[in-house]
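Subject: Handing over a structure

Hi,

Here is the structure I promised to pass on.

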Amino acid sequence: MRPPLAHFSDLGHVPILRDPQVLLEHTLAQWPSAADLWVFGYASLIWNPEIEHDLRLPAWVHGYHRRLSMWSRINRGTPLEPGLVFALMPGGACRGVVFRVPRAIARRELDKLWQREMPTGVYDPRWLPCRTTQGTVRALAFTLSRDSPNYTGTLDEARLVHILRHARGRYGSTLDYVVRTQRCLQEQGIHDRALAGLLALARRHGLLDD
C-alpha cells in the first residue's frame, strides 16, 4: 500500500497526512452509484470543467461562500512565491453552477475530477444541497476547512498586491486566474462583491488596464 500524501502549510509546518484514495472511498460511500453525478463549480470548474456532462444549471449553495483564501504552490504559484486560488469556505452562501454527469460515465469522470482536484487530498469533499431552477440536487463540492494548513487566513492589502503582481505557476498567474473567474461569473449573471473589490485593488496598483 502506498503511503498517504501530505500537504504543508505556507510556513513549512508539520505535514498533515491525507490519503486521496481514502477520501475518494469515503465520498463514494455517500453517493448512490446508480444515480447521476452532480458536481458544484464555484470558480475554475465553471470555465474549465474538464468533465463530460449533459446538463449545466445555475445553482445556489447555503452555508458556504467563495473566497480567495487557499495557497497554490504549483498551479498559480511556486513554493517560493505562493499564489492563491478560490476555496469554498464555511459560512454565508455561494452562487455557482452544477454539472450533471450521466451515471453511465459518472465513475470514470469522477476519477478524472479527483486527479485534478485531489492529488494531495487538500480539500474536504462534501455532498451539498444545491438549489437550481429545476429543484434541489445533491452535488459534490470541494470545500476547505479553516483548520487546513493551506488556508491563508486574512491577508492584508500589501500581501495581496504582492501576490497578484508576482505569483505565477504552471497554469499561469494568480491575477489571470482571478480575472478569468470574474469574467465567467459575470457571464453567469453572478456578482461577487469580494472579488470585485479585489480587482479594484489590482487596478489601483496598476496591475490591470481597465
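Helices (H or I, at least four residues) and strands (E, at least two) are DSSP runs, numbered from the N terminus. This is a predicted model, so local features need pLDDT of at least 70 and side-chain atom pairs count only at pLDDT 80 or more, while totals for chains, interfaces and linings use all residues. Residues are numbered from 1 along each chain as its sequence is written, and side-chain values use heavy atoms, with hydrogens and water left out.

On confidence: pLDDT is the predictor's confidence in each residue, from 0 to 100. The protein's average is 90, and 91% of the residues score at least 70. Be careful with residues 1-16, where pLDDT stays under 50.

Now the helix pair. The crossing of α5 and α6 is left-handed. On the α5 side, the contact (heavy atoms within 4.5 Å) is made by L175, V178, V179, T181, Q182 and L185; α6 brings L195, A196, L198, L199 and A202. Nine of these residues are nonpolar, two are polar and none is charged.

Is T174 buried or exposed? T174 counts as buried because its relative accessibility is 0% (buried means under 20% relative accessible area, exposed over 50%, partly exposed in between, with a 1.4 Å probe and protein chains only). Not counting residues up to four places away in sequence, T174 touches R76, G83, L84, I163, L164 and A167.

P58, in strand β4, counts as partly exposed at 45% relative accessibility. Neighbours within four places in sequence aside, P58 is in contact with G96, V97, R131, T132 and T133. P58 and Q134 are 76 residues apart in sequence, yet 9.8 Å apart in space, C-alpha to C-alpha.

One last thing to look at is E50, in the loop between α2 (44-47) and β4 (55-72). Its phi is near 60°, a positive value in a residue other than glycine.

Cheers

Definitions and conventions:
A crossing is left-handed if the near helix is turned anticlockwise from the far one by less than a right angle, and right-handed if clockwise. Ala, Val, Leu, Ile, Met, Phe, Trp, Tyr, Cys and Pro count as nonpolar, Asp, Glu, Lys and Arg as charged, and the others, Gly among them, as polar.
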